[in-house]
Amino acid sequence: MAINIVLIEPEIPSNTGNIIRTCACTGSRLHLIRPLGFSMEEKKLRRAGLDYLDLVEICYYDSFEELEEKYPNAEFFMYSTKSNRNHTDVRYEDECFLVFGKETKGISDSILDRYADCMVRIPMLNEERMRCLNLSNSVAIGIYEVIRQLGYHDFR
């Protein structure tokens, strides 16, 4: 079983470090779309990722289109507050890709337009001041919903 996590232009090193740790603990792959808002050597990233960095397959791309070209048959799920469908309302398959946008802007409209049928959201209170959950928390919620649907195989 493998889940693919895609971060489009992540900006905050500690979020990516936490996501690396979550990917290591779940056997998920991490796909990073440049530009990154930090160096992978940054202290905050390394502190959050602890010693898990070598346990995660991390792939780098210069654009989302490059990722699409590498995986032309991939099943992409776009996590966005612009969706009306909850993340639990779709069926995830092994090897699916969960896509998350940058912390300050989310996924670009040009990508969301291409994947309008594949957009999901994590429910939150309907308060105007609450824009979205923290990126690393959102990734964890997404990963564990996929794992739950796939039956927690290989997990203790």
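The legends below describe close-up views of a predicted model.

**View 1**
Six strands make up an open sheet, arranged in the order β3-β2-β1-β5-β4-β6, and the pairing between them is parallel. The edges of this sheet are formed by β3 (58–61) and β6, each of which pairs on one side only. Within the sheet, β1 is joined to strand β2 (residues 29–33) in the parallel sense over 5 bridges, and I8 stands opposite I33 of β2. Strands of a sheet pair through backbone hydrogen bonds, in either a parallel or an antiparallel sense.

**View 1. Helix α1 and the residue that follows it.**
Helix α1 contains 14 residues and spans 20 Å from its first C-alpha to its last, which is close to the 20 Å expected at 1.5 Å a residue. Since 10 of the 14 residues of α1 are buried, the helix is largely enclosed by the rest of the structure. The buried positions are P13, N15, T16, G17, I19, I20, T22, C23, A24 and T26, where buried stands for a relative accessible area under 20%. After the helix comes G27, whose phi is positive, near 70°.

**View 2. Helix α5 and the elements that cover it.**
Helix α5 (residues 135–149) is built from 15 residues and reaches 21 Å between its first and last C-alpha, close to the 21 Å expected at 1.5 Å a residue. Its buried residues are L135, S136, S138, V139, G142, I143, E145, V146, I147 and Q149. The cover over these buried residues includes the strands β1 (4–8), β4 (76–79) and β5 (97–100), together with helix α1 (13–26). Just after α5, G151 adopts a positive phi of about 90°.

**View 3. The two positions annotated as a binding site.**
An unreviewed UniProt entry places the feature "binding site" at G101 and I122. Although these positions are spread over 22 residues of sequence, they cluster in space, with a largest C-alpha distance of 13.8 Å. Both G101 and I122 are included in the lining of the largest pocket.

**View 4. The surroundings of G101.**
G101 is found in the loop between β5 and α4 (109–114), and with a relative accessible area of 9% this residue is buried. When its neighbours within four places in sequence are left aside, G101 is in contact with I8, G106, I107 and L135.

**View 5. The surroundings of I122.**
I122 lies in the loop between β6 (119–120) and α5, and its relative accessibility of 12% makes it count as buried. Not counting residues up to four places away in sequence, I122 touches Y79, H87, L133, S138 and I141.

**View 6. K102 in the loop between β5 and α4.**
K102 is found in the loop between β5 and α4, where G101 is also found. What places K102 among the buried residues? Its relative accessibility is 19%, and the threshold for buried is under 20%, so K102 counts as buried. With residues up to four places away in sequence not counted, K102 touches I8, E9 and E11; I8 is also in contact with G101.

**View 7. The aromatic pair of F64 and Y115.**
The structure holds 7 aromatic pairs. F64 and Y115 form one that is edge-to-face, at 6.1 Å centre to centre and with 90° between the planes. Because F64 lies in helix α3 (residues 64–70) and Y115 in the loop between α4 and β6, this pair ties together parts that are 51 residues apart in sequence. Both F64 and Y115 are buried, and one aromatic cluster is formed by F64, Y71, F76, F97 and Y115.

Methods: Residues are numbered from 1 along each chain as its sequence is written. This is a predicted model: local features need pLDDT of at least 70, side-chain atom pairs count only at pLDDT 80 or more; totals for chains, interfaces and linings use all residues. Side-chain values use heavy atoms; hydrogens and water are left out. Helices (H or I, at least four residues) and strands (E, at least two) are DSSP runs, numbered from the N terminus. The expected span of a helix is 1.5 Å times one less than its number of residues. Buried means under 20% relative accessible area, exposed over 50%, partly exposed in between (1.4 Å probe, protein chains only). Contact means heavy atoms within 4.5 Å. UniProt positions are given in the numbering used here, feature names are shortened, and annotations may be inferred rather than shown by experiment. On a 1 Å grid over the protein atoms alone, a cavity is a set of points where a 1.4 Å probe fits but cannot get out, and a pocket is an open set with protein on both sides within 12 Å along at least five of seven lines; lining residues have an atom within 4 Å of a point. Rings of Phe, Tyr and Trp (its six-membered ring) pair if their centres lie within 6.5 Å; planes under 30 degrees apart count as stacked, over 60 as edge-to-face and the rest as tilted. Two strands pair if DSSP finds at least two bridges between them.
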